[in-house]
Each structure stands twice: as C-alpha cells, then as structure tokens.
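Subject: Structure handover

Hello,

Here is the structure you are taking over. Please keep it open while you read the notes that follow.

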Amino acid sequence: MLKKNIQLLIFSFGIILAGNAQIITDKQGSSSGSGSVIDEIIAQVGDLPVLRSDLEAQKAQLQGEGMTVDETTSCTILEELLYQNLLLNQAKLDSIDISDGQVNAEMENRLRSIEQQIGSREKLESFYGKTYTQIKEEFREVIRDRMMSQEMERQIIADVEVSPNEVKAFFESIPEDSIPLINEKIAIQQIVIFPKITQASRNAVIEKLSRWRQDIIDGNRSFSAVATIHSEDLGSAKQGGRIEATRGMMVKPFEAAAFALEPGGVSDVVETQYGYHIIQLESRKGDDYVVRHILLSPEIGRQELTDAATLMDECYARLKKHEITWDEAVKEYSEDDDTRQNQGSVSNPYTGDMYWDVANINQIDPQIFGLVNGLETGEISNPAMYSDMRTRRDGVRIVRIKNRTEPHKANLKDDYNFIKKAAENNKKEKIITEWVNGKIGRTYVRFDEQFSNCNFHYRWK
C-alpha cells in the first residue's frame, strides 16, 4: 500500500522516473536495447516520444483518487501529453534556457513536498532503492523539460489582457443557466501580538550554540549527532541537520553564512527569522550546496506569554468600548508584518484574494475557521492563541469579519474580478488553441491507430 501511495503522489507532481535499463519499442517491435520489452511508444511529437507508461501512470493516479477511467479518459490524457511535448519541442527550437539553479530550486521544493507527505526521506530513498542525491539526478532533466514547457506556454500568453468591454461581452455571452453560483465569502482582518523575547533568553541560545560549535570544532562532538538530538528544525534533524539547496532557496542570512564557509567549516551563530543557527558546509558546486545546520529558538517564558495576552486583552477591551477604531488598533497593537500595513487584512494563501470561501475555509486554515465561525460582519473574536505557520512563532490573536457576501449568481457589480479572471482564461485558451493548431501543421505528429477515434480538442489528426 505504501508503494502504491508513493507512486500516485509522485505522479501527481508530474514526475515520472524512468529507469536506465528501460527498453522502449514502437509498434513494429524495434528496440533501443536488448532484453524484455517493458514499454512502448504510443505517440510522438517531433522527436519527443509519448510512452505508454506515461499514459498508464496518469490513469493510475486518477483511479487512486476514486475517479472512473475509460477510453475517453485515455484520449484526454494522451492529448495533454501531446500538448506538453509540442510545447517542449518548440521550446527547444526557440532555445529557451532554464538555468541549473532554477531546476535545482524547483526540484528541491517538489522533493521536500513529497518527502513531507510520505513521512520521511528514508521512505523516499527506500522506494527507489537509491540515495537522495541519485534520485535528484534522475529528476533533473524531467524537471527541466517540464519547466521549459511551462515557460513556452507562459510566453505564448504573456501579453494577454482583457478590457472592461471584453469582460462585459464575455459575461453576456454566458447562457443564463450557466452563470456560476458564488458561495458565501468573508473578508477577514486580524491583530496579532507576539510575546517579547528577552535578551537573557537570546543570550542563553547563543551561548548554547557557541558551546556546541566549539565542541564540534575540537572534535568532541559530531555535528550530525547534535543536530539529530537537539535541532528544532525537525525536517532536517532526522538527517543529522542535512540540507541540499541551491542559491536563492534559503533566507539571506543563512545563505550568506553558508557561502562564506569552506567545506568542513562551521559558522558562528547566525540569526534568521526562524531563530539561531550554526551551519556546517559539506560541499559546494556552483550555486548548489550541501550543509548541516542546528536550529534553536529562544524560549518564551510564562511571564512573556502572560504579558502578550494582557496587552491583547487591553486592545480587545478598548475595541469593545469603542475607545479606539479597528484601523487605529491595528496600527497601535499589531505586530504581524504581513498584515499590519493593510488594516490587518488576511489574504487567502491559495488565491491571494482578500475574500475567503466559507465552504472551504476550514480546509485552508483551521485556526481562522475556529475564530470566525459564527461571527457577524464587524464582530471581533475573543483573544486566542495563534501559531504563525510561516515563521513558527506563537502569539495571541483577535480576528474581525470585515465584510461578507451572500451566496448569489455571479454578476458584474459584485464579482467583477472573478469574471475578469474567467474572461482572461477564456482568451488565453483561444490563443493557445490557435497556436497549437498552427504548430501541428508544421510539426511531425503521430499516434497509434488505437487512438484514431478520439475526439480531440486540438487538430492532431
């Protein structure tokens, strides 16, 4: 079951690894090597093949998600694979360049996401029977190709804009019974107060890390062992604090310290938004580097937390007595850098919009759901504990419902931005369709006879 789940998870990231020993044949049975046939070419764009394993992998993913898979599904998947290959073929002709640094950063992000979801790096390595570094080498060109395709598509639609008249015309072209229903949405504001970290607490962490650093340099301790036991970065602690990264991935103070080291060197104590670190450089090649680090955060005492809660109680009481407006309270009390300059407005992390769909707010941020559930427009929640998911800082928060929209059929007055986005997407789709159909006529395209009855969106036939 674990192996199946890992496969589906990896396929969902658009990453399919092909072993070096794979034998690929076409329908006539010609072979690129010797041995048993385990795959075949079912379509081709330019000199880029589409393998049966590509098709079957995506079908397996859909089945794993409980969806029905039939011949129509196979046609839809094949067309997407043909489309991606057409983009990649043109990207190569246009000499679109994706740097090693871009590839490494994207690859690291994807692998970390997979690693977090399946449990650990060890499970990932166990599945492939290879080290993390070896897996990355196999991912590298797959990721590069995917990024080249994405860049090609971005260039095709880069200049797409829609005027107000085009938005109006698009909306008026939608049949009355097809106008979408908009769920209830709310705009949320917050005030956050973080406990003050005392200098004594900071000094204690710096002193502890400095002592460990000296022990490591003197050979009395192993960096890996200290990281495994003591580091508060739990993701890397399991690997002895080890992180593989490329320039631009880590916060600037961390990266500056890493690039200032020689292999084997250990940094002085480095402060970042996450706490305090010591860093050991294992290796560096160009913009890529491998380090180990130990992270500690200053402890927040009971008194500091009580002081933050007391200050929030004061803010809350003044608001309830109308001694201060919400906007004034945000400026005077809030310590959240992401929202205090914008009246405390909290944007949806998935859409970037200031409105949150009430139907799925619990899935997006359970912390907010627990506070806003049952609040009326303009009402303020009671103070509650808060944990910033980005910086991992604990604090105290109050939340206010700034505005609320009722469920309704989309209209230009209330949902202009939503309709504008749909109009832009519609225009982009038309431009892509024109581009694809134009390129098909000048590009070698073939697919197996078994797909000849597919009702494709583009003119592949």
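Strand S8 (residues 275–285) pairs with S9 in the antiparallel sense over nine bridges. Strands and helices here are DSSP runs (E, at least two residues, for strands; H or I, at least four, for helices), numbered from the N terminus, and two strands pair if DSSP finds at least two bridges between them. This is a predicted model, in which local features need pLDDT of at least 70 and side-chain atom pairs count only at pLDDT 80 or more, while totals for chains, interfaces and linings use all residues. Residues are numbered from 1 along each chain as its sequence is written, and side-chain values use heavy atoms, with hydrogens and water left out.

S8 and S9 belong to an open sheet of four strands, in the order S6-S9-S8-S7, with antiparallel pairing. At its edges are S6 and strand S7 (270–272), each of which pairs on one side only. Neighbouring strands are turned by 45° against each other on average, direction ignored. Such angles are taken between axes, which are lines fitted to C-alpha atoms (for helices over the stretch in contact); angles between N-to-C directions run from 0 to 180 degrees.

As a general point, strands of a sheet pair through backbone hydrogen bonds, either parallel or antiparallel. Strand S6 (residues 242–246) is joined to S9 by five bridges, and Glu244 has Val290 as its bridge partner in S9.

How many of the nine residues of S9 (residues 288–296) are buried? Eight are, so the strand is mostly covered, where buried means under 20% relative accessible area, exposed over 50% and partly exposed in between (1.4 Å probe, protein chains only). Helix H8 (residues 199–217) lies across S7, S8 and S9, at about 35° to S8. Helix H9 (residues 223–230) lies across S8 and S9, at about 50° to S9.

Next, the cores. A nonpolar core is a set of buried Ala, Val, Leu, Ile, Met, Phe, Trp, Tyr and Cys residues joined through side-chain atoms within 4.5 Å. The largest has 46 residues, and those with the most contacts inside it are Leu78, Leu82, Val436, Phe447 and Trp460. Its largest share, ten residues, comes from H3. Leaving aside neighbours within four places in sequence, Trp460 is in contact (heavy atoms within 4.5 Å) with residues including Glu79, Tyr83, Ile440 and Val445. Another core, of 15 residues, lies apart from it, with Ile193, Leu319, Tyr333 and Val396 among them.

Last, the cysteines. A search of the whole structure finds one disulfide (a pair of cysteine sulfur atoms within 2.5 Å). It joins Cys75 to Cys454, with S to S at 1.9 Å. The pair links distant parts of the chain: Cys75 is in helix H3 and Cys454 is in the segment after S15, 379 residues apart. Because the torsion about the S-S bond is about -70°, this disulfide is left-handed. Cys75 counts as buried at 16% relative accessibility, and Cys454 is buried at 4%.

Regards
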